[in-house]
Amino acid sequence: MEYLIIALSSYLLGSIPFGFILTKIFLKKDIRNIGSGNIGATNALRTGNKTLGYATLLLDITKAVFPVLYVKFNYPDYIFIASLSAFLGHVFPVWLKFKGGKGVATYVGILFSINIVLGLIFIISWAATFLVSKYSSLSSLISSLMVPIYLIIFENYNSIFFIIMFVLIFYTHKENVKRLKNKEETKTKIY
């Protein structure tokens, strides 16, 4: 029973569509009709309102931090269930007919909650890739791959969960991968 309660509550917290909510409240627009149509922070930046974009990023990170940290300290055996559920909530939110974001900010919240070092590896990899490429999607893909690679090489740690997360992030970025391959991907302005 605990398993189901943790999975459901983590999913519901993860499914709060902050990008959608903030653009509706402050811009009176539907973020799904802007840019890529995605509800995440990168597309929120495309509204032209940087504050809204950064607020979406922070809230999408935080909505994973709360359930994952709570489970980490109270039900540590279920930490990966809570993490995966929060991620799936963001990608497939019940409130928006299961059409959500790509899960990167939520994954960052998960990583920092599980282990700060993993979060830092992601952020440093993302920043280094972005400085060179200016592609948010490519940065997300490479940095999500760097986490299991780091664990396998340096920690001799079971990285199955993090490999699954990379596969899921690759899946949510499949259209970006096609555009990157065809040199049609849009570069992102984060400042």
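Where is the place of K97? Select K97: the residue is in the loop between helix 5 and helix 6. Helices here are DSSP runs of H or I with at least four residues, and strands are E runs of at least two, numbered from the N terminus.

Before moving on, note that this is a predicted model, in which local features need pLDDT of at least 70, side-chain atom pairs count only at pLDDT 80 or more, and totals for chains, interfaces and linings use all residues. Residues are numbered from 1 along each chain as its sequence is written, and side-chain values use heavy atoms, with hydrogens and water left out.

**Stop 1: positive phi**

Stay on K97. Its phi is near 55 degrees, a positive value in a residue other than glycine. Most residues other than glycine have a negative phi. K97 counts as exposed because its relative accessibility is 71%; the cut-offs are under 20% relative accessible area for buried, over 50% for exposed and in between for partly exposed, with a 1.4 Å probe and protein chains only.

Now jump to K183, in the segment after helix 10. K183 is not a glycine either, yet its phi is positive, about 60 degrees. With a relative accessible area of 76%, K183 is exposed.

**Stop 2: the largest pocket**

Show pockets. A pocket is an open set of points on a 1 Å grid over the protein atoms alone, where a 1.4 Å probe fits, with protein on both sides within 12 Å along at least five of seven lines; lining residues have an atom within 4 Å of a point. The largest pocket holds about 650 Å³ of space. Volume here is the space filled by probe spheres set on the points, which are joined across faces, edges and corners.

Select A41, T42, W126, S136 and S140: of the 33 lining residues, these are the closest to the centre of the largest pocket. Next, colour the helices that each supply at least two lining residues: helix 3 (41–45), helix 4 (50–74), helix 6 (104–114), helix 7 (116–133), helix 8 (136–155) and helix 10 (174–181). Helix 4 gives the largest share, five residues.

What classes do the residues of this lining divide into? Twelve are nonpolar, 16 polar and five charged. Ala, Val, Leu, Ile, Met, Phe, Trp, Tyr, Cys and Pro count as nonpolar, Asp, Glu, Lys and Arg as charged, and the others, Gly among them, as polar.

**Stop 3: the second largest pocket**

The second largest pocket has about 410 Å³ of space. Select N38, G100, G101, K102 and T172, the closest to its centre of the 20 residues that line it. Two or more lining residues come from helix 9 (160–172) and also from helix 10. Helix 10 has the largest share, four residues. By class, this lining has six nonpolar, eight polar and six charged residues.

**Stop 4: rings**

Show the aromatic side chains. Rings of Phe, Tyr and Trp (its six-membered ring) pair if their centres lie within 6.5 Å; planes under 30 degrees apart are stacked, over 60 edge-to-face and the rest tilted. The count is nine aromatic pairs.

Zoom to Y107 and F122. Their ring centres are 5.9 Å apart and their planes at 85 degrees, so the pair is edge-to-face. This pair links distant parts of the chain, with Y107 in helix 6 and F122 in helix 7, 15 residues apart. Both Y107 and F122 are buried.

Move to F166 and F170. Here the centres are 6.1 Å apart and the planes at 50 degrees, so the pair is tilted. F166 and F170 are four residues apart in helix 9, and therefore about one helical turn separates them. F166 is buried at 19% relative accessible area, whereas F170 is partly exposed at 39%.

Then select F80, F161 and F162, a cluster linked by ring pairs.

**Stop 5: the core**

Which residues have the most contacts inside the largest nonpolar core? Select Y107, I110, I114, L118, F122, V147 and F162. The core has 25 residues; a nonpolar core joins buried Ala, Val, Leu, Ile, Met, Phe, Trp, Tyr and Cys residues through side-chain atoms within 4.5 Å. Helix 6 gives the most to this core, with six residues.
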